[in-house]
Amino acid sequence: MDLLASEKEVVKAELASIENQLRVAKDKADKCSRLNDNLRAQLSSAVIKRDALRKEYAALRSKLDATSVDAEEMVAQYKTDVEVVESRLKTKTEYIKRLSRRETLEEIHAQYFDLSVEIEEAKRIEAEAKELYEYEGSDGSGDESGPREDQA
């Protein structure tokens, strides 16, 4: 009987030890499960943020592409405008130069030199330059307010 009682005590002690080990293993499993759940939640949050960033990137890329096209169109239009203005300035310069030459000839003529042939030629060339200048201004490529000088 003592032997049986002693074996019973040994078995009880082993059972208690096994129950303790089982409880420790269960606690570890619970901790691992909570850690796993926490990591899954973090992963899910990271995936959601990544998808949101991907959508934001696509929207910004699209906006950048559209802005680039608009900027290229604006640059092309500015270049065209500059060319038109340069052309008008050249024509206006030529007109002003011819006007000045005619006025100079008229001043010389007023001092009793006979330069009527030169004056008439200067008037003709001046009129051609003025017509060209006004024509360029009336085709919608610039302002139409050319010089308003009267010919003498």
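The model is a predicted one, and the protein chain in it has 2 helices and 0 strands. The radius of gyration of the chain is 49 Å, well over the 15 Å that the globule rule gives for 152 residues, so the chain is more spread out than a compact globule. Helix 1 covers residues 2–110, and helix 2 covers residues 116–138.

**Overall form**

- Taken along the principal axes, the box filled by the C-alpha atoms of the protein chain is roughly 160 × 25 × 15 Å.
- Of the 152 residues in the protein chain, 12% are buried, a residue being called buried when its relative accessible area is under 20%.
- The accessible surface of the protein chain is about 12,600 Å², and carbon and sulfur atoms account for 58% of that surface.
- Among the contacts in the protein chain with a separation of 6 or more, 60% are between residues 24 or more positions apart.

- Just after helix 1 comes Tyr112, which takes a positive phi of about 75°.

**Where the helices pack**

- The buried residues of helix 1 are Arg88, Thr91, Tyr95, Leu99, Arg102 and Leu105, and what covers these buried residues includes helix 2.
- In helix 2, the buried residues are Ile119, Ala122, Lys123, Glu126, Ala129, Lys130, Tyr133, Glu136 and Gly137, and the buried residues of this helix pack against helix 1.
- An α-helix has 3.6 residues a turn, so residues three or four places apart point the same way.
- Arg88, which is placed in helix 1, is buried with a relative accessible area of 7%, and a polar contact of 3.1 Å joins its side chain to that of Tyr133.
- Tyr133 is itself listed among the buried residues of helix 2.

- The structure holds 9 salt bridges, and one of them is formed by the side chains of Arg102 and Glu126, with a distance of 2.3 Å from N to O.
- Because Arg102 lies in helix 1 and Glu126 in helix 2, this pair ties together parts that are 24 residues apart in sequence.
- Both partners are buried, Arg102 as well as Glu126, and the relative accessible area of Glu126 is 0%.
- The side chains of Glu126 and Arg102 are also joined by a polar contact of 2.3 Å.

- Lys97 is exposed, with a relative accessible area of 51%, whereas Glu94 is partly exposed, with a relative accessible area of 28%.
- Arg124 and Glu128 are 4 residues apart, which is about one turn of the helix.
- Both residues of this second pair count as partly exposed, Arg124 with a relative accessible area of 40% and Glu128 at 44% relative accessibility.
- Salt bridges that share partners also join Glu94, Lys97 and Arg98 into one network.

Definitions and conventions:
Residues are numbered from 1 along each chain as its sequence is written. This is a predicted model: local features need pLDDT of at least 70, side-chain atom pairs count only at pLDDT 80 or more; totals for chains, interfaces and linings use all residues. Side-chain values use heavy atoms; hydrogens and water are left out. The expected span of a helix is 1.5 Å times one less than its number of residues. Buried means under 20% relative accessible area, exposed over 50%, partly exposed in between (1.4 Å probe, protein chains only). Contact means heavy atoms within 4.5 Å. A salt bridge is a side-chain nitrogen of Lys or Arg within 4 Å of a carboxyl oxygen of Asp or Glu. The radius of gyration is taken over C-alpha atoms; the globule rule is 2.2 Å times the number of residues to the power 0.38. Accessible areas come from the Shrake-Rupley method with a 1.4 Å probe; for residues, only the protein chains shown count as cover. A polar contact is a pair of N or O atoms within 3.5 Å; within protein, one must be able to donate a hydrogen and the other to accept it, and residues adjacent in sequence count only if both atoms are side-chain atoms.
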